[in-house]
Amino acid sequence: MILHDKFGRQITDLRISITDRCNFRCVYCRSADPENYRDHDEILSWPELDRLARIFLSLGIRKVRITGGEPLVREGVEEYIARLHALGVEDLSMTTNGHLLAERCERLIKSGLRRINISLDSLDRAKFEKITRTKSFATVMGGIDAAQNSRLAPAKINAVLVRGINDDEVEAFAGFARERGVIMRFIEFMPLDADRQWNRGLVVPAAEIHGRIHARWPLLQIPHERSETARKYRFADGAPGEIGLIAPVTQPFCGHCSRIRLTADGKLRTCLFSKEDHDLRALLREGASDEDMVTYIRSVVMEKEEGHRINAPDFVPPSRTMVFIGG
Ligand code: SAM
Ligand code: SF4
């Protein structure tokens, strides 16, 4: 059985947010602030997450990314990854802030994790610590080293650039990719910030980032799959590392989207920017059968939005912020 929408897109990728908790308090992601935490019983339990994973796999999901909040703060994440691996997920990855990665790397790999994305919004210690409101720069760099020295290499390093905050670091990040052999990915800032400070002027367009790096170190494009969000480049001089540009605002890639999202509180979302979410937790807790769940999920996915409409004149940002939309 496969999942598809009314535009004929097959849905093969699921992002699962396993917690709303976080050990960082990034300025643009205030939904992770402790005062906004949900009660424990609002968050899906491991048995609920296991059951949903089985159902989604039976519907043709092949790629799973674990996210949060910060996924490494939830006790039992390695065991969950091992169960997903045993269920036969072909491509199992995680997005983390990297703070707990050095100490957990080996366990994660043993559980079946094969790919990792680590968020790093600045290479400048003071700026990084200001953005994340932590003292964790050295720990995160240690997490990146651990990943690079393991079979998770090459790690993907994700930076969200915000004009006037870290857009002066484009070349430094590209240099970091060359030195460390990581895949350095630049993500355009999206209107998902808790503070509603987003405006178009804060977005650093992918074309500008490409131009700046290319002027310093010429880039060659690498072919990518249609549903992939990143345009990928290697360095023409043969240096290690790779550059990825993710341009949801200036070059939307919705036409080939193959993703859906499950939030920590059990809502199914068909787009980061969905106006509605669909309550799988309620169905689970009301005793729905697997068949009922499948029918409901198929009907929700059928209605997946054609695109995100960030650039439409009447665009309204979603009321849920990043942590509760399964970033
Ligand atoms: N805690 C983990 C981390 O920081 O990697 C996983 C969850 S976090 C919400 C996932 C990613 O979303 C991070 O890379 C973060 O930078 C990104 N993000 C958060 N708010 C964003 C926004 N408004 N626009 C673009 N990316 C955003
Ligand atoms: Fe935590 Fe990630 Fe949000 Fe930062 S972006 S507060 S690390 S969930």
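Modeller: Before we start, a word on classes: Ala, Val, Leu, Ile, Met, Phe, Trp, Tyr, Cys and Pro count as nonpolar, Asp, Glu, Lys and Arg as charged, and the others, Gly among them, as polar. Also, this is a predicted model.

Colleague: Thanks! How do the residues of the shell around ligand 1 divide, then?

Modeller: There are 6 nonpolar, 7 polar and 3 charged residues in that shell.

Colleague: And which of the 16 residues come nearest?

Modeller: Those are Tyr28, Gly69, Thr95, Ser119 and Met190.

Colleague: What does Ser119 do there with a polar side-chain atom?

Modeller: That atom of Ser119 lies 2.5 Å from an oxygen atom of ligand 1. On the nitrogen side, a backbone N or O atom of Gly69 is 2.9 Å from a nitrogen atom of the ligand, and a polar side-chain atom of Glu70 is 3.2 Å from a nitrogen atom.

Colleague: How much of the ligand's accessible area does the protein cover?

Modeller: The protein covers 94% of the 550 Å² that ligand 1 has on its own.

Colleague: New topic: how many aromatic pairs are there?

Modeller: The count comes to 7. Take Trp46 and Tyr80: their ring centres are 5.0 Å apart with planes at 35 degrees, so this pair is tilted.

Colleague: Which helices do Trp46 and Tyr80 lie in?

Modeller: Trp46 is in helix α1 and Tyr80 in helix α2, so the pair ties together parts 34 residues apart in sequence.

Colleague: Is Trp46 buried or exposed?

Modeller: Trp46 is buried, at 16% relative accessible area. Tyr80 is buried too, at 0%.

Colleague: What lies over the face of Trp46?

Modeller: Arg74 does, at 4.1 Å from the ring centre.

Key: Residues numbered from 1 in each chain as written. Chains lettered and ligands numbered in written order. Predicted model: local features only at pLDDT ≥ 70, side-chain atom pairs only at ≥ 80, totals over all residues. Heavy atoms only, no water. Near = heavy atom within 4 Å. Polar contact = N/O pair within 3.5 Å; in protein donor to acceptor, adjacent residues only side chain to side chain. Areas by Shrake-Rupley, 256 points an atom, 1.4 Å probe, with all protein chains shown as cover. Phe/Tyr/Trp six-rings, centres within 6.5 Å; stacked < 30°, edge-to-face > 60°. Helix = DSSP H or I, 4+ residues; strand = E, 2+ residues; numbered from the N terminus. Buried < 20%, exposed > 50% of the residue type's maximum accessible area, 1.4 Å probe, protein only. Lys NZ or Arg CZ within 6 Å of the ring centre and 35° of its normal.
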